[in-house]
Amino acid sequence: MKSLEVQLRALRQSGRKALVPYFVAGATPDWVRHVEAAVQAGADAIEIGIPFSDPMMDGVVIQEAALRALKAGTTIDSLCSDLASLSATVPLVAMTYYNMFHHYGLERSAGKLRATGICGAIVPDLSLEEADDWKQACDEHDLATVFLVAPSTSTQRVAQVTQASEGFVYASARMAVTGEAADIGEAQRVVESVRAVCDTPTYVGIGISTPAQASRAAHVSDGVIVGSALVRLILDGADAAKVETFVASFRLALE
């Protein structure tokens, strides 16, 4: 079992619902300070988006943040250099698209991320059938590969995906790209489909925009991922103090 999953299972065993804020690396010059603020506010893990020019899962807010990051010259190497100054004690999970790792080199990517303190990776466009080489590289570096389950995922496919997913299972609450939403979508049904076949920690993402939504989603899952609402706040100029206040409001809702 990968170290990420060991930590997240222990978190669940303690009775705490996981709060996982999402940041786009390099979206602002002080993005690492934002991450530290989120940890200070009670985040249990951090998802770090590595910007890519042609995302398939990201909505307009995260796309805008990624474009800003790319224009600022953000790369895997620069991200890792930035994280050298990070003072955080929670797991870090990268999220990006397979072309980034394929171009950089699978072994090199896995080793670089792990050496920087990242212990998991979400690669939404990587299918199970094409994941062997990547997972082999990750196995050599104790890097967990997190897969997604969607509302459209068949029962048979859910079993296959959850068997392969490490660290946690990403339960997509809706058939949509990332973005803010008015409800928690099909979160409960998706989580129930996962729990029917495995006991891996399962976190709800895609559309979790308010503390109230986070509370409802966490009631039926092991935790929540908060992305677009936080990224929009940062794009609008929030400093670290405002990020801390925002994340703290979600932490309070989960208590």
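**Helix packing and voids**

A: Helix H10 passes helix H12 in a right-handed crossing, where right-handed means that the near helix is turned clockwise from the far one by less than a right angle and left-handed means that it is turned anticlockwise. Bear in mind that this is a predicted model, in which local features need pLDDT of at least 70 and side-chain atom pairs count only at pLDDT 80 or more, while totals for chains, interfaces and linings use all residues. Residues are numbered from 1 along each chain as its sequence is written, and side-chain values use heavy atoms, with hydrogens and water left out.

Q: OK, and at what angle do the axes of H10 and H12 cross?

A: The axes of H10 (residues 211-219) and H12 cross at roughly 40° and come within 8 Å. Helices (H or I, at least four residues) and strands (E, at least two) are DSSP runs, numbered from the N terminus, and axes are lines fitted to C-alpha atoms, for helices over the stretch in contact, with angles from 0 to 180 degrees between N-to-C directions. H10 and H12 are therefore oblique to each other, given that angles under 35 degrees count as roughly parallel, over 145 as roughly antiparallel, 65 to 115 as roughly perpendicular and the rest as oblique.

Q: Which residues make that contact?

A: H10 contributes Pro211, Ala214, Ser215 and Ala218, and H12 contributes Ser249, Phe250, Ala253 and Leu254, with contact meaning heavy atoms within 4.5 Å. By class there are six nonpolar, two polar and no charged residues; Ala, Val, Leu, Ile, Met, Phe, Trp, Tyr, Cys and Pro count as nonpolar, Asp, Glu, Lys and Arg as charged, and the others, Gly among them, as polar.

Q: And H11 against H12, roughly parallel or antiparallel?

A: H11 (residues 228-235) and H12 (residues 240-254) pack at about 160° with axes 10 Å apart, and are therefore roughly antiparallel. Their crossing is right-handed. Ala229, Leu230, Leu233 and Ile234 of H11 meet Lys242, Val243 and Phe246 of H12, a set with six nonpolar, no polar and one charged residues.

Q: What about H4 and H6, left-handed or right-handed?

A: H4 passes H6 in a left-handed crossing. The angle between H4 (residues 76-83) and H6 (residues 106-116) is about 15°, with the axes 9 Å apart, so the two are roughly parallel. Ile76, Asp77, Cys80 and Leu83 of H4 make the contact with Arg108, Ser109, Lys112, Leu113 and Thr116 of H6, and these divide into four nonpolar, two polar and three charged.

Q: Switching to voids, how many cavities are there of 30 Å³ or more?

A: On a 1 Å grid over the protein atoms alone, a cavity is a set of points where a 1.4 Å probe fits but cannot get out, a pocket is an open set with protein on both sides within 12 Å along at least five of seven lines, and lining residues have an atom within 4 Å of a point. By this rule the count is three. The second largest cavity has a volume of about 60 Å³, and among its 13 lining residues Tyr22, Ile50, Pro51, Phe52 and Asp58 are the closest to its centre.

Q: Which element gives the most to the lining of the second largest pocket?

A: H5 does, with four residues. The pocket has a volume of about 160 Å³, where a volume is the space filled by probe spheres set on the grid points, joined across faces, edges and corners. Its lining includes Pro51, Asp77, Met100 and Tyr104, and divides into five nonpolar, four polar and one charged.
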